[in-house]
Amino acid sequence: MNPNDILNNENLNYGIIGNCKSAALINADSSIDWCCLPQFDSPSIFANILDNDIGGSFKILCDPSYALNQNYCNKTSILITNFSNKTNEFEVLDFMPRYQKESGVYYSPPEIIRFFKLIKGKPKFNILYDPRLEYSNGETSNFIKDDFIVSVVDYENHDTLYLYTDFDKSKFLNNEELVLEKDHFVSITYYEKINSFNIEDSLFEFEKTKVYWRNWCAKTPSFELYNDQIIRSAITLKLLTFEKTGAVLAAATTSLPETIGEERNWDYRFCWIRDASMVIKVFTKLGHQKIVKNFINYILNLIPDKNEKLQIMYGIDGNKNLAEKTLDYFKGYKNSSPVRIGNAAFIQKQNDIYGILMDAIHYQILKFNQDNDKNAELWSIVKSIVWVVENNWSLPDKGIWEFRNEDKHFTFSKVLCWVAIDRAIKVSEIIQNGISARKWRPLRDKIFDDIMKNAWNKKVGAFTQSYNSNYLDASVLLMETYGFISPKSPKYIKTVKVIEKELLVNGLMFRYKNDDDFGSPSSSFTVCSFWLIDSLFKIGEENKAKIMFDKLLNYGNHLQLFSEDIDFKSKRLLGNFPQAYSHLALINTAMKFNLKHNE
């Protein structure tokens, strides 16, 4: 991609930096446009992405002679933005510190470090430093102190932010011209530092953070095909994990719209059991056992009572009430309001979560059964899930797409109820010689027969979105992925072909076309395109699948990052970003092509 194209188009041309405590989005033009401190779900300190008038940002301003280019330091989450006009050149290295101390504890402070590295000449630029604390509520004022610049918000919630730098603080804060004649640093931190902090300290943080990420990537298998994309997606998923509890976020942002100008804007800074369980299964495949263990502990801590039902989502600290409200003073991304914090979907009933969680539990027990210190607690969860599924599988629910109005008998939900019982049987066979499996098999057969009878639509020639429905839905493609049906089944092959014909538009997939609570969908849900590619691959259309996959990879942004949605015509990225769903699907699909390549 031409560097100037990055700046001229209106794509989500952001890089993500983070340290498994919080994250920041940095525009290709160097502007920090989104960050919440001290953790992912805290109020924002920069929210320019949601309102470029009052959101707040931190941007480096150069004259038009400078070309900008942006990339990641290889196999790290350190983002490098290069500024060059041939005579003068410098780089800004952005990262959030993360490394392991000698004690074994990971150091992950709520801090962003921007290191200004002189390459040649005497570059000149201005700084726009405009933090707006507490989601831009109240008025944020900046004060120069001896050792730092402090930002204080005048609002019902008192909050502060500290900036340390070896630039002239007055020039820095007042947007006066700066001349780079040597390397400089900036550290933005939620907490005031106890000890002095200088450029040598920032370099130390940089080197330790770089080593951390290189070591982490070294534990990830290498692949002959698509290795760079797999590594970048794996790092991105890692950045969406909250180490304190083991939660996995759906995305790092809130209220980035699925379609410009519409109101499908949701807060995704929470842990969906479905999304997180799928991410954990990918990490299990990649051998990152610590992340898997942390998530299992997160789940165990959520379910203290044996009869307590799972919510579909929780806060990253495990909180259960995610009450939704709107920030009406924000105009929203590209004027797409409302901006929401919290998510009312937490009260929904979605029966598919039990199957997806059970699938992840089974896979981790299968892979790591020798490390079975949690098996007794997991077995208790398995039995509880079976009880819940047995009493709820025949009831309607909101489905995977979280329809907010009418409950229906969604095919995907029914299939995942079958998965829950199927994996419970397999877990029983692994850890208790199948004693419970014998009594659960009839239930598995009953659910299977019900789906085959009611989800198949002869007129459409496919498994449809819900019982007695003519609507198609990309989620039913996962029937084969979860082992419910063979890829050689005529009914499955027909379903894939009908869905491809009806839901594939301009190389991208609708998740469904029927109206929902907000009208008809008008953008492609990214993960669904990966699902179709997988399905085509499984039914033997491998060449077509690979062509589609290669084309889809080109729709990522300049850093190979994907959001939730893609516009059918412009291929513009839409929705919350970066999206865990999209990146886990990318890894799964790329791994399938590698397996075929190595046969």
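Me: How many salt bridges does the count come to?
Reply: This is a predicted model. Side chains of opposite charge can pair when their charged atoms come close. A pair counts here if a side-chain nitrogen of Lys or Arg is within 4 Å of a carboxyl oxygen of Asp or Glu. By this rule the count comes to 31 salt bridges.

Me: Arg 511 and Glu 258 meet in a salt bridge. How many residues apart in sequence are the parts that the pair ties together?
Reply: The N to O distance between the two side chains is 2.7 Å. Arg 511 lies in the loop between strand 27 (508-509) and strand 28 (524-525). Glu 258 is in the loop between strand 19 (247-248) and strand 20 (271-272), so the parts tied together are apart in sequence by 253 residues.

Me: Which strands stand at the edges of the open sheet of 8 strands?
Reply: The order is 6-7-8-11-17-15-14-13, with antiparallel pairing.

Me: Strand 13 and strand 14 form a hairpin. How many residues are between them?
Reply: The two strands run antiparallel and are joined by 6 bridges. Thr 140 stands opposite Val 153 in strand 14. Between the two strands of the hairpin there are 4 residues.

Me: Which residue in strand 15 stands opposite Ser 151?
Reply: Strand 14 (residues 149-154) and strand 15 (residues 159-165) run antiparallel, joined by 5 bridges. Opposite Ser 151 stands Leu 161.

Me: At what angle does helix 4 run to strand 11?
Reply: Helix 4 (residues 199-218) lies across strand 8 (89-95), strand 11 (111-120) and strand 17 (184-189). Its angle to strand 11 is about 100 degrees.

Me: Is helix 14 roughly parallel or roughly antiparallel to helix 16?
Reply: Helix 14 (residues 526-538) and helix 16 (residues 580-597) pack with their axes 8 Å apart, at an angle of about 20 degrees. Angles under 35 degrees count as roughly parallel. That makes helix 14, relative to helix 16, roughly parallel.

Me: How many residues of the contact of helix 14 with helix 16 are nonpolar?
Reply: Helix 14 brings residues including Phe 530, Trp 531 and Ile 533 to the contact. From helix 16 come Ala 585, Leu 586 and Phe 593, among others. The contact also has 3 polar and 4 charged residues, while the nonpolar ones number 9.

Me: In strand 29, which residue is the bridge partner of Ser 524?
Reply: An open antiparallel sheet has the order 28-29-30. Strand 28 and strand 29 (residues 565-566) pair over 2 bridges. The bridge partner of Ser 524 is Ile 566.

Me: The peptide bond from Phe 577 to Pro 578 has omega near -20 degrees. Is it cis or trans?
Reply: Most peptide bonds are trans. Pro 578 lies in the loop between strand 30 (573-574) and helix 16. With omega near -20 degrees, the bond from Phe 577 to Pro 578 is cis.

Me: What is the phi of Asn 175?
Reply: Most residues other than glycine have a negative phi. Asn 175 is in the loop between helix 3 (169-173) and strand 16 (178-179). Although Asn 175 is not a glycine, its phi is positive, at about 65 degrees.

Key: Residues numbered from 1 in each chain as written. Predicted model: local features only at pLDDT ≥ 70, side-chain atom pairs only at ≥ 80, totals over all residues. Heavy atoms only, no water. Pairing = 2+ DSSP bridges. Contact = heavy atoms within 4.5 Å. Axes fitted to C-alpha atoms, helices over the stretch in contact; angles between N-to-C directions. Parallel < 35°, antiparallel > 145°, perpendicular 65-115°, else oblique. Nonpolar A, V, L, I, M, F, W, Y, C, P; charged D, E, K, R; others polar.
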